[in-house]
Amino acid sequence: VATIREVARVGLESNGYRVLTAADGIEAILLFGQHREEIAAVVLDLRMPHRDGRSTLRALRQADPCVKVLVTSGEAGAASAFPEFNDGLRFLSKPYDSAQLLCSLHALLHGSNAEEDSTPDLIACAA
């Protein structure tokens, strides 16, 4: 999981994003609390140690109902378990490559047809 988190971080940073990483759901919630005003979106894996992605997502949404979250999972049918997917919440199936991650994240942040924004976004990754 640390390797996936590192690959995601490097890929995002090499494309202009600023990234914070968390090793588990508890750390993700703490980081979000500390940097909430700076964080544009959260990339969140459903399977994490100490606190799973679903409960982490609930905690993030309690802290900020408008937080944008890209949920990732390799579990079959995981996307259908989230009836609340909307503009602020998207799903990306694993395995994914850097291009798919970037495309999904850009769509989450700027909408599917938005032009590139030159402002680097701060992304929090928890996996």
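User: Which residues is Val67 in contact with, leaving aside its neighbours within four places in sequence?

Analyst: This is a predicted model. In it, Val67 is in contact with Phe32, Val42, Leu60, Arg61 and Gly88. Contact here means heavy atoms within 4.5 Å.

User: What makes a group of residues such as Val67 and Phe32 part of a nonpolar core?

Analyst: The members must be buried nonpolar residues joined through side-chain atoms within 4.5 Å. The largest such set has 17 residues. Val67 and Phe32 are among those with the most contacts inside it, along with Val42, Leu44, Leu57, Val69 and Val71. Strand 1 (18-22), helix 2 (25-35), strand 2, helix 3 and strand 3 each supply at least two residues of this core. A second, separate core has 13 residues, including Tyr17, Leu70, Leu101 and Leu109.

User: Why is Ser73 called buried?

Analyst: Ser73 has 1% relative accessibility. The cut-off is under 20%. Ser73 therefore counts as buried. This serine lies in strand 3. Beyond residues up to four places away in sequence, Ser73 touches Leu46, Ala78, Phe91, Leu92, Ser93 and Lys94.

User: Ala78 is on that list. Where does Ala78 lie, and why is it called buried?

Analyst: Ala78 lies in the loop between strand 3 and strand 4. Its relative accessibility is 2%, so Ala78 counts as buried. Not counting residues up to four places away, Ala78 touches Leu46, Arg54, Ser73 and Phe91. The C-alpha atoms of Ala78 and Leu92 are separated by 9.8 Å, and the two residues are 14 residues apart along the chain.

User: What makes strand 2 and strand 3 a pair?

Analyst: A pair needs at least two bridges. Strand 2 (residues 39-45) and strand 3 are joined by 4 bridges, and they run parallel. They therefore meet the definition of a pair. Val42 has Val69 as its bridge partner, and Val43 has Leu70. From strand 2 the chain crosses through helix 3 (residues 53-63) to strand 3, and this β-α-β crossover is right-handed.

User: How many bridges join strand 3 to strand 4?

Analyst: There are 5 bridges between strand 3 and strand 4 (residues 89-93), which run parallel. The cut-off is at least two, so these strands pair as well. Val71 stands opposite Phe91 in strand 4.

User: How do you know that the span of helix 4 agrees with what a helix should give?

Analyst: Helix 4 covers residues 98-110. At 1.5 Å a residue, its 13 residues should span 18 Å. The end C-alpha atoms are 18 Å apart, so the span agrees.

User: What makes Asp97 a cap, and what follows helix 4?

Analyst: A side-chain oxygen of Asp97 lies 3.1 Å from the backbone nitrogen of Ala99. The polar-contact cut-off is within 3.5 Å. Asp97 caps the N-terminal end of helix 4. Gly111 follows the helix, with a positive phi near 85°.

User: Why is Ser104 called buried?

Analyst: Ser104 has 16% relative accessibility. Buried means under 20%, so Ser104 counts as buried. Its place is in helix 4. Leaving aside neighbours within four places in sequence, Ser104 is in contact with Leu70, Arg90 and Leu92. Other buried residues of helix 4 include Leu101, Leu105, Leu108 and Leu109.

User: What is the overall pattern along the sequence?

Analyst: The pattern reads α-β-α-β-α-β-β-α-β. That comes to 4 helices and 5 strands. Of the 127 residues, 42% count as buried. Among contacts with a separation of 6 or more, 60% come from residues 24 or more positions apart.

Terms used. Residues are numbered from 1 along each chain as its sequence is written. This is a predicted model: local features need pLDDT of at least 70, side-chain atom pairs count only at pLDDT 80 or more; totals for chains, interfaces and linings use all residues. Side-chain values use heavy atoms; hydrogens and water are left out. A crossover is right-handed if, with the strands pointing away from the viewer, the path from the first strand over the helix to the second runs clockwise. Buried means under 20% relative accessible area, exposed over 50%, partly exposed in between (1.4 Å probe, protein chains only). The expected span of a helix is 1.5 Å times one less than its number of residues. A polar contact is a pair of N or O atoms within 3.5 Å; within protein, one must be able to donate a hydrogen and the other to accept it, and residues adjacent in sequence count only if both atoms are side-chain atoms.
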